Amino acid sequence: MRMMKMTVTDKEDGQKVKRLMRGTWQISSSLLKSLKWRKNAILLNGKPVTVAAIVHTGDELTVNIADDGTLSSHITAVDYPLDILYEDDDLLILNKPAGIAVHSAALTEETVTVAGAVAHYLGGTPFHPVNRLDRGVTGVMVVAKSGYMHQRCMAILHTDDFRREYRGICQGVPSPWQGTIDLPIGRDPDSVLKRCIEPNGLASHTEYEVLQTNCVRSLLRLRPLTGRTHQLRLHLSAIGHPLVGDWLYGTENHDIITRPALHSYELWLRHPLSGELLHITAPLPDDMQKLI
């Protein structure tokens, strides 16, 4: 159970509960509709009320924003250790390992997924990933503990209040050493998995910077300004510098690395409820350290 509380101010005196929930807490209409039918989900001074109730200065409004649902039938909870970088009542921020998918793939049977491991850890509640990482990509991944927090996080995704940076190791040296890749992305008509640069595709923007190089490979700082599937991998391939080990958009070589050399390195997140600025970093994994 996740209870949010607020004390009514002079400015809010005389307003309806519904207005405070929709305005102050930004509760969606769908969640508000659900809360109306939950027992004791909305309390005013400790007593159940409807959303039409009028509040007064000094009143205490309490709302239960926890999920009123169970785990999806597509997710199997599994006891698998999580590398937790940060946790509070609303957020779970993980350091995702390589080789594990976020969800089970339609054509692949997965013994372990991030969804299953989180479901086990949280006791079978619905799974709400805020940012998703490909199976081979490591690093910072944010999971919301409720649909309400997921909605609040998604509202700030790809803004300065939810800023992510990656580290990638590419073939060669991009020129110039710092810039922005603006290439629209669409589905590859010949593949169920692959994406392609498509003039009529979705606008996609990536900032990059070369941090160090030996002229054969380069360590990059990457910031996705949009969130398209395979965006960083495809953008680097499109400018002639695919990620080392990228079997889909570059060249696979297990003697060097067994996955695309891409890591979700750093996150700046303005907590939607507390307003606190979280700064989370996941150290570069060993296989990428060896490449450097």
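# Cavity lining, salt bridges and burial

Tutor: The largest cavity is lined by His158, Phe162, Arg163, Arg164, Arg223 and Pro224. The model is predicted, with local features requiring pLDDT of at least 70 and side-chain atom pairs pLDDT 80 or more, while totals for chains, interfaces and linings use all residues. Residues are numbered from 1 along each chain as its sequence is written, and side-chain values rest on heavy atoms, without hydrogens and water.

Student: What makes a residue part of a cavity lining?

Tutor: A cavity is a set of points, on a 1 Å grid over the protein atoms alone, where a 1.4 Å probe fits but cannot get out, and a lining residue has an atom within 4 Å of a point. Strands S9 (162–171) and S14 (217–224) each supply at least two lining residues. S9 gives the largest share, three residues.

Student: How many cavities of 30 Å³ or more does the search find?

Tutor: One in the whole structure. The volume of the largest cavity is about 30 Å³, where volume is the space filled by probe spheres set on grid points joined across faces, edges and corners.

Student: Why is the contact of arginine 223 with aspartate 160 called a salt bridge?

Tutor: The term requires a side-chain nitrogen of Lys or Arg within 4 Å of a carboxyl oxygen of Asp or Glu. Here the closest N and O atoms are 3.4 Å apart, so the pair meets the definition. Arginine 223 is in strand S14 and aspartate 160 in the loop between helix H4 (147–154) and S9, so parts 63 residues apart in sequence are tied together.

Student: Why is arginine 223 called buried?

Tutor: Buried means under 20% relative accessible area, exposed over 50%, and partly exposed in between, with a 1.4 Å probe and protein chains only. Arginine 223 has 12%, so the label is buried. Aspartate 160 has 61% and is therefore exposed.

Student: What are the states of aspartate 134 and arginine 233?

Tutor: Aspartate 134, at 24%, is partly exposed. Arginine 233, at 5%, is buried. These two form a salt bridge with closest N and O atoms 2.9 Å apart. The pair links distant parts of the chain, 99 residues apart: the loop between strands S7 (128–129) and S8 (138–144), and helix H5.

Student: How do you know that helix H5 is mostly covered?

Tutor: Six of the eight residues of H5 (231–238) are buried, including Leu232, Leu234 and Leu236. Helices are DSSP runs of H or I with at least four residues, and strands are runs of E with at least two, numbered from the N terminus. The chain has six helices and 16 strands.

Student: What makes S1 and S3 (47–48) edge strands?

Tutor: The open sheet of four strands runs S1-S4-S2-S3 with antiparallel pairing. S1 and S3 each pair on one side only. Between S2 and S3 there are two antiparallel bridges, with leucine 43 opposite proline 48 in S3.

Student: How much of S4 (60–64) is buried?

Tutor: Four of its five residues. In the protein chain, buried residues make up 48% of the 292 residues.

Methods:
Pairing = 2+ DSSP bridges. 1 Å grid on protein atoms, 1.4 Å probe; cavity = no way out; pocket = protein on both sides within 12 Å on 5 of 7 lines; lining within 4 Å.
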